[in-house]
Amino acid sequence: MVDANTINNAPMATFGKFKLGNDSLNIEFRRQGSVYIYDASVPSAKVFYQLDSWHQYEHPERWSKDFQFEAEVFDNNNSVAKIKTEVPSGTAPGDYKVYTSYVSYSSTPTAVEYNFTPRSSQNYYVWVRARSKNTTGGAISVNVTGQTAKSLGCLTNTTWQWYSLDACSGQAIKISNLNNQEYTLSLLASNSNIEIDKILLTADGGLNLNPNQTPCGTSVANVSTSGSTNFCQGGNVTLTAAAGTSYSWTNGQTTQAITVSQSGSYSVSVNNGTGCAAVSAPIQVTVNSAPTANITSTGNTICQGQTTSLTSSPGSSYLWSNGATTQTIQVNNAGSYSVVVSGSTGCTASSIPLNITVTATANATVTTSGSTTFCQGGNVTLSAPTGYTYNWSNGSTNRQITVASAGNYSVVVSANGACSATSQIIPVTVNSNPTASISANGNTTFCQGGSVNLTANGGSSYVWSTGQSGSTITVTSTGSYSAIATATNGCTATSNNINLTVATNPTAAVTVNGPTVLNTGQTTTLTATGGNSYLWQPGGQTTSSIIVNSAGSYSVTATNASGCTNTSSAVTISMNNAPSPVVITTAGAAEFCAGGNLQLSANGGSNYIWAPTGQTTPTITVNQPGTYYVYSRNSSGLVTSKDSITVKMAPTPMNPWISITYFPNTAYQLNAFEPSAVTYNWSTGSSTSSVNLTTAQLVTVTATNAFGCTSGTTSFQSQSVVPQTCATPNMLTAYNLSDTTTMLGWNPSITAEKFIIRYWQNSTGVVLTKEVGGNISTSRINNLQPGTVYFWTIESVCTSGVKVSAISNFKTLGTPLFCGSIPQHLSTTNINTSRATATWYNTTADSFMVKYRPVGSVIYQYRKFDGISNPTSGIMGNLIPNTTYEWQVKSFCSGYTSPYSQVEYFTSRDTCGSMGTVTIASVTASTATITWTNLSPMDTIKIRLVHITNGSVRNIVFNANSQNGSYQIKALRPNTTYYVEVKGKCGGTAGDWSAPVIFSTSDITLKTVEGNTNHLIGYP
């Protein structure tokens, strides 16, 4: 750059030469100075330009308000625009006295920008000197900061021309209201045909540098699209404007077609060569956001057999590389996983693949040395595979553990830092051994030919030392006996021993000292031997010898010093011409029904006399139960033989109970029941337990039992089968009676708002009431007095009024049910873990049979009970704890067996709170230690200590959580016998007392205090 400013001493302009590089240049020098640029980088197209005419010719302090720019003075930030220099044809090289420097474009033009600052507020008119490379022409968009862009159009002249008219309005382009601040003037050619030389901003509105210029017309711009204008992020659409000479899009682009990838409204101003730009209608482009596709995992490295969760970032749908379509997937295989996420707009995104690595796990299979269910005292060895490190659930780190306690066992196996594995859970069950004991039901010393029953307890099955099985055996021989008890869990225990002694029976014999065939008045002597004492039959004499004078069969029972007896063979003494022995016979069983009688006949013998009736006929008729005797006598009145028979009165059934079943508008079904009945006799002719009545009528029914005895008659008046509302109750009946309860029923066809039952005893005058719903026809009454007559009524209560039935009555049972009856009113009491008491209403019977089983089982257990000692109950043993049972009972009477009763249910107690073996140890004069085994963990232990002599009781209660326990009882009395029992409580439930254990404290040891001359006694 050369500063040629020579103020005051130089002419305004002159020409001169200077050398720049290898080139000599002939240029104009100006007094105010100039800046020269010479580009000779391309020898064939050297460029020279001088910054001139960009301000007035005077000094800067006198510059005008106009701005004149050389076109080449611009921000050349685009390679498509180039500065060119043009000199007249024939001009010598380096001669730049006459030349033109201008801006030319090699492709789509970019804007040319000039900065200027007005000195004051001013309006400017724009002139641009330009030309077209060819006649195609074009336009120039003119824009000043803050102004509306204008267009110089119709630039088709190939020579340099000045242009100032707006292509659309045809008026000179005017820039209004500029202030004293910097502005940018921007010129944008519509195509590369346009070249720009100079720009003038003048305040002179009358200046006209081209009187020949004419304005251009306008046109409408159309735009076409390459596809949908609604697409997903990452897509695009091409907008193509209709052909024109230049284009100006709202996003700043100036090409005919633009590719859009952002949402927005797009339009284009198209210069059609006439100088007026046409603006297209806005085109709305919507770019839908693509969802985010990321993967998170719970672990990128997992052990074999494990899984990890892969979760996609949120979307509306998912497609994983393994075909899964949920947001979260579980993966257990190694591999690369990716996901395509779809958003709500349908756009998708693909995640970066995530690699999952699977590491092999250790082998954690546990083997056992035997069964994992065994009895107390047993064990099982659990073994893990070799070659690893181990951590068992019981804390052991060995490869093998030997287990003797119940529990769930497992091991974590690790392989040198690789993945660890946990074995399967091995449940170990340790079954409790039973507590085995045996007892005798009589003396353990008995005579030859006798026996004693030994009964085992504590198990479900037993094997005796004799080889026999079963809970009870009958022993007839001297020896020591024990049993091995096996519980339901298969565990065994050996009982205590019981020693039995069998004493020898005497050898009883009778010798005859005289004839064995006697004449009348003759005697003979019978002598007994072999015993220490004797009892003769018949006669009852107790001497060793007796004198007999009548026919008979004589024997003696000898008793030795051990108390054992033996009866001798009979010696027959006969009389010459004596009759045969007398025998009583009956036509059937020796029993009769109430109101009946029985004929007894004497056969054999002669000269009869009956006792206690005193009759002397061969046949008598009796109508009272009891024992009857007949004696045969000789002619002298001496008894030669006798016989007896016991006559029983067979039970008479009760009057049948009747209950009602109603079939609306069809029939009443009357159901008769008497516990001992085998048949019924209805007045309708039916012999079944039920009859159906379709009309109002009076019927009667009786019951006959297995002994052929018939009950009294029960009458019943049925009514119409048509349903009735608020009618007077009738058809009153009482059934299913016991000593304290009954069921009351009335006509089920009658309904009311409610019913009121009133019942009373005449003796008390107290009326009791019970209210039931109006659709009820039966009700149970409780808390009655045994063997008592009650009167009762039933009232139907409605809004229309109260209607009262006739008075009826019933009598509660005061005596046992008759022999042969089905046991009634079953209940279960005294339930514990292993036994329960089956209870029924008092029933006369020879014996009872109870059968019971767990609900769902097909196998019953049976218990038979003597009817004399157990008329109302029996114990069911060998129960499984915490199990629901069903049971039934039937009776045996005089050879008749009743049907089984209805089913009763109960649930055995849990082992919670119950004790196993209880023992006493370390007994001193004042202390003893009690030890027990819990059948289950307990919260509280209670010990009961009883002084056997005076019956005083001491209770000891304390907390305990162990399986086994012990406690030292203190402050006992010396030389005293106690019994102690223990029970527990867990979860609020108390168990049963253990079997009592008896022990005696020792006596106090006496010792003499040394040096005590009075020999006073001291105690340790």
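Reader: Is Cys 375 buried, exposed or partly exposed?

Author: Buried means under 20% relative accessible area, exposed over 50%, and partly exposed in between (1.4 Å probe, protein chains only). In this predicted model, where local features need pLDDT of at least 70, side-chain atom pairs count only at pLDDT 80 or more, and totals for chains, interfaces and linings use all residues, the answer can be read from one percentage. Residues are numbered from 1 along each chain as its sequence is written, and side-chain values use heavy atoms, with hydrogens and water left out. With a relative accessible area of 24%, Cys 375 is partly exposed.

Reader: Which residue does a disulfide join to Cys 375?

Author: A disulfide is a covalent bond between the sulfur atoms of two cysteines, and here the term is applied to a pair of cysteine sulfur atoms within 2.5 Å. The S to S distance of this pair is 2.1 Å, and with -100° about the S-S bond the link is left-handed.

Reader: Is the link of Cys 232 and Cys 347 left-handed or right-handed?

Author: A disulfide joins Cys 232 to Cys 347, with an S to S distance of 2.1 Å. Cys 232 is in strand S17 (residues 230–232) and Cys 347 is in the loop between strand S31 (339–342) and strand S32 (348–350), so the pair ties together parts 115 residues apart in sequence. At 28% relative accessibility Cys 232 counts as partly exposed, whereas Cys 347, at 0%, counts as buried. The angle about the S-S bond is -90°, and the link is left-handed.

Reader: What is the handedness of the link of Cys 819 and Cys 893?

Author: The sulfur atoms of Cys 819 and Cys 893 are 1.0 Å apart in the model, and the two residues form a disulfide. Cys 819 is in the loop between strand S82 (808–811) and strand S83 (827–829), and Cys 893 is in strand S88 (residues 884–893), 74 residues apart. Cys 819 counts as buried at 12% relative accessibility, and Cys 893 is buried with a relative accessible area of 2%. With 100° about the S-S bond, the link is right-handed.

Reader: How many disulfides does the structure hold?

Author: For the structure, the number of disulfides is six.

Reader: In which loop does Asn 736, with its positive phi, lie?

Author: Asn 736 is not a glycine, yet its phi is positive, at about 55°. Its relative accessible area is 22%, so Asn 736 is partly exposed. The residue lies in the loop between S74 and strand S75 (742–745).

Reader: What is omega for the cis peptide bond that joins Gln 537 and Pro 538?

Author: Pro 538 lies in the loop between strand S55 (533–537) and strand S56 (545–548). For the cis peptide bond that joins Gln 537 and Pro 538, omega is about -10°.

Definitions and conventions: Helices (H or I, at least four residues) and strands (E, at least two) are DSSP runs, numbered from the N terminus.
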